[in-house]
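Trainee: Could we go through this model term by term? I'd like each label set against its cut-off.

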There are 2 protein chains.
Amino acid sequence: MISERKKKILAAVIDEYVRTAEPVGSKAIASKAGLGCSSATIRNELAELVSLGYLEQPHTSAGRVPTPMGYRMYVNELMEKQRLSLEETEDINRRMNQKLRELDDTISDVSRLASQLTDYPALALTTRTAVTIKRFDIIYVDANTFIIVVMLSDNTVKNKLVKLPVSVDQKLVQRLSALFNSGFTGITEEAVTPLLINSTERAADDTMGVTSVIAAFAIEVLTEAQTPTASISGENRLLSQPEFRDPDKAHRLMGYLSGGGYILPPNESMDAAGEIKVLIGPENVAEELKDSSVVIATYDAGDNTKGMIGVVGPTRMDYSAVAAKLSILAAGLSRRLGSGEAPPEGMHNKLIIKGDTGNE
Amino acid sequence: MISERKKKILAAVIDEYVRTAEPVGSKAIASKAGLGCSSATIRNELAELVSLGYLEQPHTSAGRVPTPMGYRMYVNELMEKQRLSLEETEDINRRMNQKLRELDDTISDVSRLASQLTDYPALALTTRTAVTIKRFDIIYVDANTFIIVVMLSDNTVKNKLVKLPVSVDQKLVQRLSALFNSGFTGITEEAVTPLLINSTERAADDTMGVTSVIAAFAIEVLTEAQTPTASISGENRLLSQPEFRDPDKAHRLMGYLSGGGYILPPNESMDAAGEIKVLIGPENVAEELKDSSVVIATYDAGDNTKGMIGVVGPTRMDYSAVAAKLSILAAGLSRRLGSGEAPPEGMHNKLIIKGDTGNE
DNA sequence: ATTAGCACTCGAAAGGAAAGAGTGCCAACA
DNA sequence: TGTTGGCACTCTTTCCTTTCGAGTGCTAAT
């Protein structure tokens, strides 16, 4: 266990370091933190915090800098769960309200918003599982052309224009429309078997292979709907961070991010919605992120739609503020994407912060 | 007029400078360019090229660097119109073939591809004008719900799920579907007048305001289809350029770009498809681009669909290679987006390079 | 246990010298 | 008249040394 005073000092070091990006010395802490003792005392404590592994010195005669372990301690126990002022919260919600259209647009809008709010690169991801088709329609345009319209279990609608090299009878299209609407609705992608397709083809008396075209579209739509959509915004904001003044370093990370780099540890699924996850420096799996930090909020929009929204930055990050903002964004997404209409606002979900507490 | 030898020397300076990013001296040129004269002669010529304004010296005892005017001369007259090898051309076409889905996806895929090929940030933009509705369908789902499906003049299909707070008779929906299909097809957005909406409402005997909902969607679709779509990729590639080693400078430009900064001079419209436009340094209108260059290829995909694809980089840019690659991309887009099916490959459009020849 | 004091360390900043690339110009030359 | 070798000159880049100062660690006093 670590003494109360050490905690206060550690917190003070981190706060100051986050603010200034410079190693912080004993004097600065003595004058700032409200603990009534001199810089010499602080020096002793600091030395111990170094040997405990929470802080380190760039070199013998410099101030102290938090280690990842120090940040971890800070995030887990020390940091005051920041609550944004009411205005800030309302501002975020207002800005989110303006931006609600199609899911795919929403996801990129929200990542852009997250980046704007935090001034770090932001990244949003949505996954849907167990999507089924709710309704199937085929609109006959002309003998070679028809439009397939599919309504999915999450009430999104997809369509496709199909042009065939051969002429098709309108009656056949009608029969197929009916058959698909009864046979292909309510089932998941795996249930679309060749067997099912074959029997549909026979039932429709389809000799021209139209059935398989439509079935292919059904599979495509289901697959696509279940393919995670991701969006990254504001990579350039990395450049305003002093730790990325080295263009090579910045380039490496930005390249990784815009290449769709995976942020989440693969084993950790996005279950617990409403939680905030913090990954500090070496806790990240990706080599490119080993000296950066990631803060992620997950949300659950119902209909098997889940997602995360997160930001990436240097380990010297204002975890508290970022977590608070992401939390509001995630809660907003859960509400809005979920029920279609927004429940009463103003309630944030509570800020449960969780991280990789494992060995380090 | 400028002597033949000066042209050769200027071209040599630019080639070398583009390659190395270092001021180039008389000796390097003497040994490289195949004109049989000594470095002293070259020095004299260089001095004249400086006073003519094509070159400049960073400081008295340094080599020469091209001015924007020098680049302009190079692009207009000196540069050999580079033809890519057959393999390269085929490679690009192949990679383009893999990426053809929805228009919105295509546009971002192609900008990504352009960025990969040139190693500069790339930007693509598509505009459509005079879009009309070709076909109008309304699918009745239940008493409160229906799906509007609209097929546009460029054969894209849009849909929307509408939920009403009131119950609607299926007959009314059918009547509206027919009315819209006759009254709202083949007309542009401006032709959708309140008058037309009103008369449709009366003709359908609609007392529940459904007509206006559908009309609103029609307007929305037409507006959206005519809103230019833009996409930027590979901003981070800027960081590999020596002239953007200064993070602040890089940040400024990247911020401008990802903020959807306008690249084209507003007065110049995207008419002449197949042309390549080069804007060098101060020829750009945007303050943020005054010391960068932009190369743009335009394409015409028929159906009033036009667009551009371009890259942004330092004025020290391999204009020739970039122009050649963009040209192939633009030609590919014209072919593919246009007719729906690709005409014979292997023909590039010719490389007409045009730029701001005005005062400078 | 805390604190004042002080010698010590080490990086960052400032100054200066040397190196080197490249020019400009002059005088010789074809 | 255009070209060339030669050479002094200029200016940046690099490297070394010195100085400066922030911050420490330790000791002795409280």
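Trainee: Why is Asp119(B) called partly exposed?
Mentor: Its relative accessibility is 36%. Buried means under 20% relative accessible area and exposed over 50%, with partly exposed in between (1.4 Å probe, protein chains only), so Asp119(B) counts as partly exposed. Before we go on: this is a predicted model, in which local features need pLDDT of at least 70 and side-chain atom pairs count only at pLDDT 80 or more, while totals for chains, interfaces and linings use all residues. Residues are numbered from 1 along each chain as its sequence is written, chains are lettered from A and ligands numbered from 1 in the order in which they are written, and side-chain values use heavy atoms, leaving out hydrogens and water.

Trainee: What separates Arg95(B) and Asp91(B) along helix H5 of chain B?
Mentor: About one helical turn, because they are four residues apart in helix H5 (residues 86-98) of chain B. Arg95(B), at 26% relative accessibility, is partly exposed, and so is Asp91(B), at 24%.

Trainee: Arg5(B) and Glu45(B) also form a salt bridge; which of the two is buried and which partly exposed?
Mentor: Glu45(B) has 6% relative accessibility and counts as buried, whereas Arg5(B), at 35%, is partly exposed. Their closest N and O atoms are 2.8 Å apart. In chain A, Arg5(A), Lys6(A), Glu45(A) and Glu48(A) are linked in a network of salt bridges.

Trainee: How do you know that strand S10 of chain B is largely enclosed?
Mentor: Nine of the 10 residues of strand S10 (residues 305-314) of chain B are buried, so the rest of the structure largely encloses this strand.

Trainee: What makes S3(B) and S10(B) a pair?
Mentor: Two strands pair if DSSP finds at least two bridges between them. S3(B) and S10(B) have seven, in the antiparallel sense, so they qualify. S10(B) also pairs antiparallel with strand S9 (residues 292-300) of chain B, over nine bridges. Gly310(B) has Leu123(B) as a bridge partner and stands opposite Ile296(B) as well.

Trainee: Why do the phi values of Asp303(A) and Asn304(B) stand out?
Mentor: Most residues other than glycine have a negative phi. Asp303(A), not a glycine, has a positive phi of about 50 degrees, and Asn304(B) has one near 60 degrees. Asp303(A) lies in the loop between strand S9 (292-300) and strand S10 (305-314) of chain A, and Asn304(B) in the loop between S9 and S10 of chain B. Asp303(A), at 47% relative accessibility, is partly exposed, as is Asn304(B), at 42%.

Trainee: How do you know that a two-fold axis relates chain A to chain B?
Mentor: Copies are superposed by least squares on the C-alpha atoms of residues with pLDDT of at least 70 in both. Chain A can be laid on chain B with an RMSD of 0.1 Å by a turn of 180 degrees and a shift of 0.1 Å along the axis. That is the relation of a two-fold axis. Of the residues of chain A, Pro247(A) comes closest to the rotation axis, at 3.3 Å (C-alpha).

Definitions and conventions. Salt bridge = Lys/Arg side-chain N within 4 Å of Asp/Glu carboxyl O. Helix = DSSP H or I, 4+ residues; strand = E, 2+ residues; numbered from the N terminus.
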